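Please find below some notes on the model.

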Amino acid sequence: MKKQSKWMKGIAVAAIAAMSMGMLAGCGGNTGNKQGEADGQTYKIGVVQLMQHGALDQANQGMIDGLKDNGFEEGKNLEIDQQNAQGDQSNLQSISQQFVSNEVDLILAIATPAAQVMASATEEIPIVGTAITSYVDAGLVQSDEAPGTNVTGTSDMNPVEAQINLLLQLVPDAKTVGTIYTASEKNSEVQVDILKSVCEAKGLTVEERTISSVNDIQQAAQSLVNEVDVLWLPTDNNVASAMPQVVGVTDEAGLATICGEESMVRAGGTATYGFSYYKLGYNAGVMAAQILKGESVPAEMPIGYMPEEDCVAIVNTDALTALNLEAPAELMENATQVTTGSTAE
């Protein structure tokens with residue numbers, strides 16, 4: 001499968017990308033007069049977040065802290081224009097025009113649609129993205145290894161196969177896996193294609209429902225629960241922002257929900273195997289600092305992937321109780337146990 005091969009290629013370069021984030025001075029390139037905090041200049045950056053939900057909020061804070069820890073702090077040598085598009089495409093367009101008009105020095109874009117609109121508005125201003133699954137499939141870069149455009153950043157490609165293995169630990173008799181995702185969100189389409197490939201290899205059937213907005217979530221969930229044994233939910237922005245509605249339906253039906261990331265579990269999902277979106281954003285902030293210092297340019301900075309060793313199992317004990325589900329002891333011993341409504345540290 002084409003998208004699966006792209007994903008595997010992305011994973012193959014993860015070590016290179018991780019090295020680029022951990023050994024920032026090792027990358028080449030020059031952006032001219034950008035010399036970082038030492039020159040006494042105040043830099044202007046625009047931050048655009050697609051919508052409000054736990055994962056994107058964490059990535060946003062991580063970006064700001066990554067910049068701060070590398071010499072760029074608001075109120076000292078940095079002006080930050082924080083914008084939230086509230087999931088609205090017209091808002092994204094207005095924000096992009098605002099950033100270009102104000103001649104910001106760099107744009108931080110959180111989530112795929114936000115990065116796509118920013119990239120369509122400017123080919124000159126450096127853009128660092130995060131919470132984007134596939135930069136290639138989103139049309140943002142030429143390749144993960146050598147973006148070749150004014151865009152770079154960190155990918156939130158999650159370990160789908162490991163999540164399905166977790167699903168089978170919790171629901172070992174599962175035969176049909178349900179999923180819900182936004183049809184227009186490339187981020188989600190890539191993940192669901194991988195899900196189908198993984199499930200096929202394991203003898204599982206996938207039943208899917210697509211939505212166009214958060215308003216479709218409850219109906220999609222209700223139409224799905226009687227046809228499946230368990231749900232797997234990608235890191236879809238509409239789904240993540242509406243987890244209470246999803247869980248309201250799945251809990252009543254007695255179905256576990258294996259989620260793409262941690263904040264969805266803390267919002268009521270059953271479990272995930274994944275990484276911290278704060279760390280994901282932090283790494284992107286480090287990359288942004290490197291660009292502002294003139295140490296590299298987006299075109300030459302590989303897309304950063306989170307290494308497998310940063311992933312952990314996260315289990316919601318409230319969800320287990322609500323579903324009368326008993327998790328294997330070995331899983332619980334090694335997992336991070338959370339409750340519904342708790343926040344990540």
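1. Buried here means under 20% relative accessible area, exposed over 50%, and partly exposed in between, with a 1.4 Å probe and protein chains only as cover. Helices (H or I, at least four residues) and strands (E, at least two) are DSSP runs numbered from the N terminus. This is a predicted model, in which local features need pLDDT of at least 70, side-chain atom pairs count only at pLDDT 80 or more, and totals for chains, interfaces and linings use all residues. Residues are numbered from 1 along each chain as its sequence is written, and side-chain values use heavy atoms, with hydrogens and water left out.

2. Four of the five residues of strand S12 (residues 312-316) are buried, which leaves the strand mostly covered.

3. Strands count as paired if DSSP finds at least two bridges between them. S12 pairs with strand S10 (residues 271-274) in the antiparallel sense over four bridges; valine 312 of S12 is the bridge partner of glycine 274. With strand S13 (residues 336-338), S12 pairs in the parallel sense over three bridges, and glutamine 337 in S13 is the bridge partner of valine 315.

4. Helix H12 (residues 277-292) is mostly covered, with 13 of its 16 residues buried. At the start of H12, a side-chain oxygen of serine 276 comes to within 3.1 Å of the backbone nitrogen of tyrosine 278. Glycine 294 follows H12 and has a positive phi, near 80°.

5. Overall, the protein has 14 helices and 13 strands, and 57% of its 345 residues are buried.

Notes:
Polar contact = N/O pair within 3.5 Å; in protein donor to acceptor, adjacent residues only side chain to side chain.
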